[in-house]
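I opened the model to look up its sheet and its cavity. My entries follow.

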Amino acid sequence: MTDPLSIRRLYGRAQGHPLRANAQRLVEDLLPKLAVPEDGALTTERLFGDNRPLAFEVGFGKGEHLAFQAARHKDWGFIGAEPYLNGVAGLLADIEAGGLGNVRVHRGDALDLLERLPDDSLSSLYLLHPDPWPKSRHAKRRFVNPGPVDLVAAKLKPGAEFRIATDHVGYMRHVMMVMQHMADFEWTAEAPGDWQRIPEDWPDTRFAQKARALGHDVWRLIYRRL
Ligand SMILES: C[S@@+](CC[C@H](N)C(=O)[O-])C[C@H]1O[C@@H](n2cnc3c(N)ncnc32)[C@H](O)[C@@H]1O
């Protein structure tokens, strides 16, 4: 049987240009202090020492959205997973600059971490501009597919939000198609323009900015866990 989480295999790049001295320092000194433990259950108690609400960002890129949310909700805990080392270094720089004590970082696959969270433990999950895998023969590599989305459903608390952004029209259609069959979620849009509205607690990421600069649309979809 094929693994329902077969996108677990990482296809993206693990590193870009060589790290500058400050980024290297952050990866060597700060990352070990903030890294998610390598095994065992990931309870908020274990990660933050208390029972605070928990949010998770899949593929945070350079981390600007995650740092924004962590600064806005200092009483929440945040976990970010991103295999791209230069991106991890970017998040670490924001964490240091903002004095953020409420973020834990994983350099690697998001699904590995999601599986280790207790069920019903997340208050939000962000998936912003996931790799679109535009060719239909690669569609099974997209994060939004029944296997990963079932896992997300298991980890979100009832009422929690699953926020998705994409600037790829094919991915947007794919999301809508997959999600309309997922009985655990409702789409929160009420009016046709809702998905292009910019909520004030949802800043554009680097990928969104690049897309807009090219004149492309950016779609934002918010699904609520039932
Ligand atoms: C198109 S980029 C978007 C980055 C960022 N979210 C933004 O909007 O600027 C997609 C990101 O997903 C990351 N990614 C790919 N597969 C992943 C996985 N299995 N787990 C976590 N992140 C992943 C890539 O490394 C890449 O940084």
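**Strands 2 and 3**

I started with strand 2 (residues 77–81) and strand 3: four bridges join them, and they run parallel. Strands here are DSSP runs of E, at least two residues, and helices are runs of H or I, at least four, numbered from the N terminus. I looked up Ala81, and its bridge partner in strand 3 is His106.

This is a predicted model: local features need pLDDT of at least 70, side-chain atom pairs count only at pLDDT 80 or more, and totals for chains, interfaces and linings use all residues. Residues are numbered from 1 along each chain as its sequence is written, and side-chain values use heavy atoms, without hydrogens and water.

I traced an open sheet of seven strands, in the order 3-2-1-4-5-7-6, with mixed pairing. Strands pair if DSSP finds at least two bridges between them. Strand 3 (103–106) and strand 6 (185–187) are the edge strands, each pairing on one side only.

**The cavity**

How many cavities of 30 Å³ or more does the structure hold? I found one. A cavity is a set of points on a 1 Å grid over the protein atoms alone, where a 1.4 Å probe fits but cannot get out; lining residues have an atom within 4 Å of a point. Points are joined across faces, edges and corners, and the volume is the space filled by probe spheres set on them. The largest cavity has a volume of about 40 Å³. Its lining includes Leu128, His129, Trp202, Asp204 and Arg220.

Methods: On a 1 Å grid over the protein atoms alone, a cavity is a set of points where a 1.4 Å probe fits but cannot get out, and a pocket is an open set with protein on both sides within 12 Å along at least five of seven lines; lining residues have an atom within 4 Å of a point.
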